[in-house]
Amino acid sequence: MAASLWEGLVFTSIVLAPFGLLYAARFAKRAYDAREGRRAWPWLVLGNACVFLALGAFLLAAAECYFRFWYDTTDGLTISRVARQWSARHFRFNAAGFRDDHEYVSRPNLQRPRVTFLGDSFAVGFGIAKVEDRLSNLVQARSKKPREANCFANVGLDTGAQLDLIRRAHEQGYGTDDLVLVYCPNDVCDLIPEWRAVGEHINERVLQLGALRASYALDMFWCRWIAATDPAARGHFDIVPTGYGGETWRRQTERLRSLRDFCRENDIRFSIVLFPFLHDLDDEQYHRAYDQLETFCAREEIPFLNLLPILAPHAAEGLIVNRFDPHPNERAHSLAADAILEFLDELDEREPRAAQP
């Protein structure tokens, strides 16, 4: 309640400030007109300053109304109030607690095999306003054969959290025919201490704005400033390739094997679909990480689809949500859905199987 009152007070102050400053300028003009010589010039300076400040206050008020009521998009770091407001506007959750336009039942229909997508913000469709434009929903809508698609995904889920999630769902009676891990390159990063340190540092920087975060405009300007100037924020993606070697990669492969083994034990076909970073499709560091994952899947006999060759030829079309948010947009999800459908159909031909009872 106190936060809401403070937010209302800040908004009201920003909107009324230009009018207060113009009134002060008018008062200064009257005082200037009533005086002569040296006694008049301070009022002239004050009046001009009030007019100048009023123009700035009008711009701030316009920005505040724009970001609070009209601006409707996300940022890659998901740190601004606008990004959180976007999620509140466009995320609708089913009874199972996942973003989707249909409910999830425990067991798949014998006549309608089920594929469950497991992932993070890429799979959940962060930045995509309509859930029907997301890859899992497109897979269900575009499949030429009867197929149900569910999406066990949320922002920030790493491989460990995803493994825990599907295990809990299974314990509660949830079944599926296919489990497709929509793998984002930073799914390994919870194992990298530097990644966690960067996240904590960015959050600390954001909180430095203090009570003024109640202003959507000031919060947006501050978050954009952090993203543009803070070395840790600008270079946080550079940490990702370090997770594909040494002890970190060994621990990650253990988690991926656990997912594979869980699926084998429960007669679920497991596969991995790599969704590459779209902000830099040509970076060789990322390519080496992708190759590392592909080599692992080949060695462990895990069906694998790399979306990089599918998406890279369409880079000029624009595949990210916006220039501040490198999450895949509707076009990227559409291309991915078509490739995944073809991938699943090929698996069906290679490994025909009946749906679970």
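## Cavity, pockets and helix packing

By class, the lining of the largest cavity holds four nonpolar, two polar and no charged residues, where Ala, Val, Leu, Ile, Met, Phe, Trp, Tyr, Cys and Pro count as nonpolar, Asp, Glu, Lys and Arg as charged, and the others, Gly among them, as polar. This is a predicted model, in which local features need pLDDT of at least 70 and side-chain atom pairs count only at pLDDT 80 or more, while totals for chains, interfaces and linings use all residues. Residues are numbered from 1 along each chain as its sequence is written, and side-chain values use heavy atoms, with hydrogens and water left out.

The residues that line the largest cavity are Ile166, His170, Tyr174, Thr176, Phe262 and Ile268, and a search of the whole structure finds one cavity of 30 Å³ or more. On a 1 Å grid over the protein atoms alone, a cavity is a set of points where a 1.4 Å probe fits but cannot get out, a pocket is an open set with protein on both sides within 12 Å along at least five of seven lines, and lining residues have an atom within 4 Å of a point. A volume is the space filled by probe spheres set on the points, which are joined across faces, edges and corners.

| Space | Volume | Source of most lining residues |
|---|---|---|
| Largest pocket | about 750 Å³ | helix 7, nine residues |
| Second largest pocket | about 470 Å³ | helix 8, five residues |

In the largest pocket, 32 residues form the lining, and Gly76, Leu77, Thr78, Asn186 and Trp195 are those that lie nearest its centre. Two or more residues of this lining come from each of helix 4 (121–124), helix 7 (193–207) and strand 7 (325–328), these elements being DSSP runs numbered from the N terminus (helices H or I, at least four residues; strands E, at least two). The lining of the largest pocket divides into 15 nonpolar, nine polar and eight charged residues.

The second largest pocket is lined by 25 residues, and here Leu77, Ala227, Ala233, His236 and Phe324 lie nearest the centre. At least two lining residues of the second largest pocket are supplied by each of helix 8 (216–229), helix 9 (231–234), strand 6 (320–322) and strand 7. Its lining comprises twelve nonpolar, five polar and eight charged residues.

### Helix 3 and its partners

Helix 3 (residues 81–90) packs with helix 2 (residues 41–70) at an angle of about 30°, the axes being 9 Å apart; axes are lines fitted to C-alpha atoms, for helices over the stretch in contact, and angles run from 0 to 180 degrees between N-to-C directions. Helix 2 and helix 3 are therefore roughly parallel to each other, given that angles under 35 degrees count as roughly parallel, over 145 as roughly antiparallel, 65 to 115 as roughly perpendicular and the rest as oblique. On the helix 2 side Phe67, Arg68 and Phe69 meet Val82, Gln85 and Arg89 of helix 3, contact meaning heavy atoms within 4.5 Å. These contact residues of helix 2 and helix 3 divide into three nonpolar, one polar and two charged.

With helix 8, helix 3 packs at an angle of about 115°, and the axes are 8 Å apart. Helix 3 and helix 8 are therefore roughly perpendicular to each other. Arg81, Val82 and Gln85 of helix 3 make this contact with Tyr216, Asp219 and Met220 of helix 8, and its classes are three nonpolar, one polar and two charged residues.

### Individual residues

Pro42, which lies in helix 2, is partly exposed, with a relative accessible area of 38%; buried means under 20% relative accessible area, exposed over 50%, and partly exposed in between (1.4 Å probe, protein chains only). Pro42 and Ala31 are eleven residues apart along the chain, and their C-alpha atoms are separated by 9.6 Å.

In helix 5 (residues 135–142), Leu135, Ser136, Asn137, Leu138 and Val139 are buried, and the elements that cover the buried residues of helix 5 include strand 1 (114–119), strand 2 (148–153) and helix 13 (330–350). Gln252, found in helix 10 (residues 246–265), counts as buried at 0% relative accessibility. Not counting residues up to four places away in sequence, Gln252 touches Thr159, Tyr183, Asp187, Val188 and Leu191.

Most residues other than glycine have a negative phi. Asp267, although not a glycine, has a positive phi of about 55°, and this residue is found in the loop between helix 10 and strand 4 (269–274). Glu301, likewise not a glycine, has a positive phi of about 60° and is found in the loop between helix 11 (284–299) and strand 5 (304–306). Glu301 is exposed, with a relative accessible area of 65%.
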